[in-house]
Amino acid sequence: MPGAPEGFTYRLRKNGDVELLHHGRQAGVLRGAAAARFLIDVNTEDPQELMARITGNYKHGNERTAKKHPRNRHR
């Protein structure tokens, strides 16, 4: 079973939408079929990877690491 997501949470709204949060800030909203699919996938997949993939936050770690690379230090 996958571990708990770090920094990511989600809320199910009364209208059936799923609000994705990253460190308490809204990172996206899923509606309709996408929301239903998310609720199934979050229990069967790795929730950290799933929410990062959906919100696009998976890119940020690489971007921070690249800033420290020697060829990018002077920029």
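Here is our chat, question by question.

Modeller: First, this is a predicted model, where local features need pLDDT of at least 70 and side-chain atom pairs count only at pLDDT 80 or more, while totals for chains, interfaces and linings use all residues. Residues are numbered from 1 along each chain as its sequence is written, and side-chain values use heavy atoms, with hydrogens and water left out.

Biologist: In what pattern do the elements of the chain run from the N terminus on?

Modeller: Helices (H or I, at least four residues) and strands (E, at least two) are DSSP runs, numbered from the N terminus. The chain has 3 helices and 3 strands. Going from the N terminus, the pattern reads β-β-β-α-α-α.

Biologist: In what order do the strands sit in the sheet?

Modeller: Two strands pair if DSSP finds at least two bridges between them. E1 and E2 pair over 5 bridges, and 5 bridges also join E2 to E3. The sheet is open and antiparallel, in the order E1-E2-E3.

Biologist: Which are the edge strands?

Modeller: An edge strand here pairs on one side only. The two that do so are strand E1 (8-12) and strand E3 (25-30).

Biologist: What is the bridge partner of Val18 in E3?

Modeller: Strand E2 covers residues 18-22 and runs antiparallel to E3. Leu20 has Gly28 as its bridge partner in E3. For Val18, the partner is Leu30.

Biologist: Which residue in the turn between E2 and E3 has a positive phi?

Modeller: Let's take the hairpins in turn. The one made by E1 and E2 has 5 residues between the strands, and there Gly16 takes a positive phi near 95°. The hairpin of E2 and E3 has 2 residues between them, and the positive phi of about 50° belongs to His23.

Biologist: Is E2 mostly covered or mostly open?

Modeller: Buried means under 20% relative accessible area, exposed over 50%, and partly exposed in between (1.4 Å probe, protein chains only). Across the 75 residues of the chain, 25% count as buried. In E2, 4 of its 5 residues are buried, so by that definition the strand is mostly covered.

Biologist: What angle does the direction of helix H2 make with that of E1?

Modeller: Axes are lines fitted to C-alpha atoms, for helices over the stretch in contact, and angles run from 0 to 180 degrees between N-to-C directions. Contact means heavy atoms within 4.5 Å. Helix H2 (residues 47-55) packs on the sheet and touches E1, E2 and E3. Its direction and that of E1 make about 80°.

Biologist: Which residue forms a salt bridge with Arg53?

Modeller: A salt bridge is a side-chain nitrogen of Lys or Arg within 4 Å of a carboxyl oxygen of Asp or Glu. At 41% relative accessibility, Arg53 is partly exposed. The closest N and O atoms are 2.8 Å apart, and the partner is Glu49.

Biologist: Why are Asp41 and Arg37 about one helical turn apart?

Modeller: Their side chains meet in a salt bridge at 2.8 Å, N to O. Asp41 is buried at 10% relative accessibility, whereas Arg37 is partly exposed at 46%. They are separated by about one turn because, in helix H1 (residues 32-44), their spacing is 4 residues.
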